[in-house]
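Subject: Structure for your study

Dear colleague,

Please find below the structure that I am handing over to you.

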Amino acid sequence: MNMNAKTIIKAGLIAPCGMNCAICMGHLLREKNKCPGCQGDNTNKPINCVKCVILNCDSLKRNKLKYCSEKCEKFPCTRLKNLDKRYQTKYSMSMIENLKDIEQLGIRAFIANEKIRWTCSECGGVICVHRGYCSKCGKHK
Ligand SMILES: [Zn+2]
């Protein structure tokens with residue numbers, strides 16, 4: 001199995017809220033029942049993500065938006081701001097910043113930057129945002 005950040009981090013794993021599911025422990029650190037990411041179906045998805053108010057947001061569905069930042073008139077809404085605040089505090093990562101980058105740079109350049117940001121300098125594996133260490137060799141960021 002290829003565990004390198006270069007192959008793991010991809011556009012299909014970016015959630016509507018701007019979360020990079022490739023660096024989430026539900027995707028990265030599970031051998032069995034690996035979560036397919038928010039864009040995937042609900043099989044093996046943690047219950048918190050299945051029930052996520054952002055993922056199930058009416059505006060996303062109604063307007064067929066890929067990302068909250070696309071055309072949602074409420075962007076960034078209170079729900080997203082709360083999630084973003086929690087992630088900035090606990091994990092030093094901002095979904096809203098991610099979405100703004102996607103808007104400005106495009107998804108391809110954003111992904112290229114994410115690969116640089118979350119690649120382990122030791123082994124090329126992915127740093128888990130929740131745990132703060134490399135999912136492949138265990139090195140801390
Ligand atoms: Zn590593």
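**Overall architecture**

Read along the sequence, the protein follows the pattern α-α-α-α-α-α-α. Its radius of gyration is 15 Å, close to the 14 Å that the globule rule gives for 141 residues, so the protein is as compact as a globular protein of that length. Here the radius is taken over C-alpha atoms, and the globule rule is 2.2 Å times the number of residues to the power 0.38. The protein has 7 helices and 0 strands; helices (H or I, at least four residues) and strands (E, at least two) are DSSP runs, numbered from the N terminus.

Please note that this is a predicted model, in which local features need pLDDT of at least 70 and side-chain atom pairs count only at pLDDT 80 or more, while totals for chains, interfaces and linings use all residues. Residues are numbered from 1 along each chain as its sequence is written, and side-chain values use heavy atoms, with hydrogens and water left out.

Taken along the principal axes, the C-alpha atoms fill a box of roughly 45 × 30 × 25 Å. Buried residues make up 41% of the 141 residues, where buried means under 20% relative accessible area, exposed over 50%, and partly exposed in between (1.4 Å probe, protein chains only).

**Helix α6 and its ends**

Helix α6 covers residues 95–105, and M95, I96, N98, L99 and I102 are buried in it. Seen down the axis of α6, these buried residues fall within an arc of 160 degrees, so they line one face of the helix; the arc is that of the directions from the helix axis to the C-beta atoms. The buried residues of α6 pack against α5 (78–91) and α7 (107–118).

At the N-terminal end, S94 caps α6, with a side-chain oxygen 3.4 Å from the backbone nitrogen of I96. Just after α6, G106 takes a positive phi of about 90 degrees.

**The loops on either side of α5**

S69 is in the loop between α4 (58–62) and α5. S69 is buried, with a relative accessible area of 8%. Leaving aside its neighbours within four places in sequence, S69 is in contact (heavy atoms within 4.5 Å) with F75, L99 and E103. A cis peptide bond joins F75 and P76, with omega about -15 degrees, and P76 is in the loop between α4 and α5.

K64 is also in the loop between α4 and α5. K64 is not a glycine, yet it has a positive phi of about 50 degrees; at 74% relative accessibility, K64 is exposed. S92, in the loop between α5 and α6, has a positive phi near 55 degrees and is exposed at 59% relative accessibility.

**The zinc site**

The protein donors of the zinc ion are C120 (SG), C123 (SG), C134 (SG) and C137 (SG), lying 2.2 to 2.4 Å from it. Donors are N, O and S atoms within 2.8 Å of the metal (3.2 Å for Na, K and Ca); water is not among the atoms, so sites may look incomplete. The angles among the 4 donor atoms are 101 to 115 degrees, and the site is tetrahedral, a term that requires four donors with all angles between 85 and 135 degrees. In sequence, the donor residues are spaced C-x2-C-x10-C-x2-C. C120 is buried, with a relative accessible area of 3%, whereas C123 is partly exposed at 26%.

Yours sincerely

Methods: Polar contact = N/O pair within 3.5 Å; in protein donor to acceptor, adjacent residues only side chain to side chain. Tetrahedral: all angles 85-135°; square planar, octahedral: opposite > 155°, others 65-115°.
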